Amino acid sequence: MANFSLKSNYKPSGDQPEAIEKLTKSILQKNRYQTLLGVTGSGKTFTMANIIEKTKRPTLIMTHNKTLAAQLYSEFKSFFPNNHVEYFISYYDYYQPEAYLPRQDLYIEKDSSINAELERLRLSATASILSHDDVIVVASVSANYGLGSPQDYQEIVQTLVVGKEYSQRALLLRLVDMGYKRNDTFFDRGDFRVNGEVIDIYPAYSEEVAYRIEFFGDEIEAIYSFNTLTNEKIADFKEITIYSTNPFIVSKEKLARAIKSIEEELAKRLAFFKKEGKMVEYNRLKQRTEFDLEMLESTGTCKGIENYSRHLTGKKPGEAPYSLLDYFEMRFGNDYLLIVDESHVSLPQFRGMYAGDRSRKEVLVEHGFRLPSALDNRPLKFEEFIIKAPSYLFVSATPGEFEIKNSSVIAEQIVRPTGLLDPKIEVIDSNNQVAHLYDEIKKVIKRGDKVLVTVLTKKMAEELTTFYNDMGIKTKYMHSDLDAIERNQIIRGLRSGEFDVLIGINLLREGLDIPEVALVAILDADKEGFLRSTTALIQTAGRAARNANGKVLMYAKKITKSMQETIEITQKRRKKQMEYNKKHGIIPKTTKRALDTNLKSEDNTTLHFKAKNAQKMPASERQKIIKELKAKMLEAAKKLEFEEAARLRDEIAKLKKL
């Protein structure tokens with residue numbers, strides 16, 4: 001069993017001890033599905049960490065976006081400093097998938113920019129899974145995508161033991177087969193270098209540590225690690241295992257079989273196109289695939305090698321591809337845990353991944369850009385994903401139907417360690433909603449608090465903003481046309497007091513947990529739909545849960561089922577929270593949070609607005625801005641601020657078009 005050591009200054013409190021005990025017991029009883037229903041601010045992440053420590057299970061934590069994954073990775077690294085906490089997300093800074101638009105006869109070639117640090121972290125994750133028991137991997141949806149065979153990855157290794165004899169020439173050839181390059185001048189990840197009877201190997205998954213192997217003839221005399229920057233010795237080893245630079249690398253025998261299999265599929269597909277009289281598709285496929293085969297034969301890899309993954313892994317047509325879950329399964333069998341964070345968003349996203357990928361690739365196959373086997377380079381179907389792991393823990397403030405229906409245990413975490421209550425909810429007749437809200441806003445502003453208002457249309461948001469500004473209330477609205485940095489500036493403006501009321505259509509997006517907000521107003525709350533469902537109403541109401549004076553106003557002509565459910569759930573939670581506070585003598589206090597300095601970065605803001613006006617600039621000035629933006633993008637990616645890196649990447653792309 002893995003030994004996980006949780007480090008924290010806090011002890012479980014409120015509902016946490018009961019939730020931890022209940023869920024731990026369920027997981028150890030080998031129940032497949034369990035759910036943690038935890039309100040915003042109740043310490044769900046800390047509960048997850050305690051469950052990992054108590055169940056002693058290697059764990060894969062999945063969530064729906066990179067930003068949240070980076071946040072979780074950072075938190076779990078601090079919770080488990082002595083264990084192997086890894087990070088597995090898409091390694092692209094920029095990714096344009098291969099596509100074909102038949103109506104325009106437009107082929108869009110795959111274009112991508114690989115982030116070397118993310119690639120290293122992915123390889124570090126796969127290597128850690130196969131090498132250590134105490135592994136926690138935080139992953140995005142990328143963990144559901146096709147990956148090389150874990151068996152092949154484990155076979156393509158090189159174990160080196162002090163005192164054993166190895167042919168140095170054979171060892172160097174083996175490293176080349178594993179994807180390593182000889183580089184005696186500029187030593188980087190995925191390289192090896194030779195200096196007499198000393199071989200240095202810089203593993204592709206290592207951060208700043210390489211290995212030095214010292215020979216005496218053909219016998220290894222010493223192995224130790226060293227810092228690649230300072231060349232300082234770190235530790236001696238009796239034995240080390242080096243993994244390949246790419247999960248898709250296979251042995252020479254398997255590569256030969258794969259090449260033969262690809263040739264057979266190509267012959268069948270070309271015969272089909274010839275029979276149908278589709279000579280454009282025939283020539284297109286023949287030229288591309290034969291070039292890829294030449295590359296595979298000479299180098300062992302090719303551009304878009306993942307499209308041949310079925311042949312490389314030996315999978316059957318239509319069979320589920322290997323994914324990161326298979327690495328856990330091969331190493332730990334039925335003894336690992338999969339946590340799905342924000343499951344009400346993550347599970348629907350996992351469910352939709354397969355269909356989108358399939359429709360794009362079917363067009364490529366139909367028009368001769370890819371072999372039919374490329375369809376098997378795909379994400380897992382939801383039905384495949386949801387039965388893959390032995391134990392699942394779904395975590396959400398508003399679990400979906402699947403979680404509630406299938407979970408053996410649903411543990412509620414309602415009480416917040418801070419003592420804050422769920423906000424009061426009042427239903428007001430919508431006949432005079434604008435005028436009534438005006439009076440309520442005045443009361444809130446007088447106290448020094450802020451207001452969020454959610455409406456159903458962009459036009460309503462604009463008109464209401466104008467109306468309240470004319471009435472002397474400083475108001476702004478936020479909509480989908482604004483990019484990330486402008487949204488951040490608006491949020492910071494609200495928090496710093498530049499204005500008092502923020503109006504929007506969908507105020508559920510990340511970054512709107514603002515402690516200064518004491519009133520959330522939901523206009524036309526009785527208009528059932530996506531933005532007025534039970535889940536959406538509970539999540540929207542939660543925006544006022546970080547303020548001791550939190551209140552929600554629902555303006556409606558009638559109380560819908562979604563409204564009724566939201567009110568009942570909130571009242572039940574408030575009752576439990578108040579009883580706990582009374583018993584323990586807790587007085588709720590508004591959460592204090594310093595203004596995020598990233599939101600006021602003058603450099604980034606100035607650059608952003610310069611870029612917006614770049615059309616009027618000379619080409620030389622645009623080049624300067626592109627250079628500055630690229631430096632900022634790489635810096636953001638290194639800090640795991642991927643949303644910011646993606647935004648900067650898009651700005652660069654727009655400038656390059658000019």
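Author: What follows covers salt bridges, a sheet and a charged patch.

Reader: What do I need to know about the source?
Author: The model is predicted: local features need pLDDT of at least 70, side-chain atom pairs count only at pLDDT 80 or more, and totals for chains, interfaces and linings use all residues. Residues are numbered from 1 along each chain as its sequence is written, and side-chain values use heavy atoms, with hydrogens and water left out.

Reader: How many salt bridges?
Author: The count is 31. A salt bridge here is a side-chain nitrogen of Lys or Arg within 4 Å of a carboxyl oxygen of Asp or Glu.

Reader: What does Arg573 pair with?
Author: Asp422, with the closest N and O atoms 3.7 Å apart. Arg573 sits in helix H18 (residues 561–584) and Asp422 in the loop between strands S19 (409–413) and S20 (424–429), 151 residues apart. Helices (H or I, at least four residues) and strands (E, at least two) are DSSP runs, numbered from the N terminus.

Reader: Is Asp422 buried or exposed?
Author: Buried, at 6% relative accessibility. Arg573 is buried too, at 8%. Buried means under 20% relative accessible area, exposed over 50%, partly exposed in between (1.4 Å probe, protein chains only).

Reader: And what about Asp429 and Lys557?
Author: Their side chains meet in a salt bridge, 3.5 Å from N to O. Asp429 is in strand S20 and Lys557 in the loop between S25 and H18, so the pair ties together parts 128 residues apart in sequence. Asp429 is partly exposed, at 41%.

Reader: Which residues form a network?
Author: Glu426, Glu440, Lys443 and Lys551 are linked by salt bridges.

Reader: Switching topic. What's the strand order in the open sheet?
Author: S10-S11-S12-S13-S14-S15, with mixed pairing. Two strands pair if DSSP finds at least two bridges between them.

Reader: Which strands stand at the edges?
Author: S10 (181–182) and S15 (233–237). Each has a single partner strand, so one side of each lacks a neighbour in the sheet.

Reader: How do S14 and S15 run?
Author: Antiparallel, joined by 4 bridges. Phe226 stands opposite Lys233 in S15.

Reader: Where is Asp218?
Author: In the loop between strand S13 (209–216) and strand S14 (219–227). Asp218 counts as partly exposed, at 40% relative accessibility.

Reader: Last one. Where is Tyr555?
Author: In strand S25 (residues 551–556). Tyr555 is buried, with a relative accessible area of 0%. Tyr555 and Leu523 are 32 residues apart in sequence and 5.1 Å apart in space, C-alpha to C-alpha.
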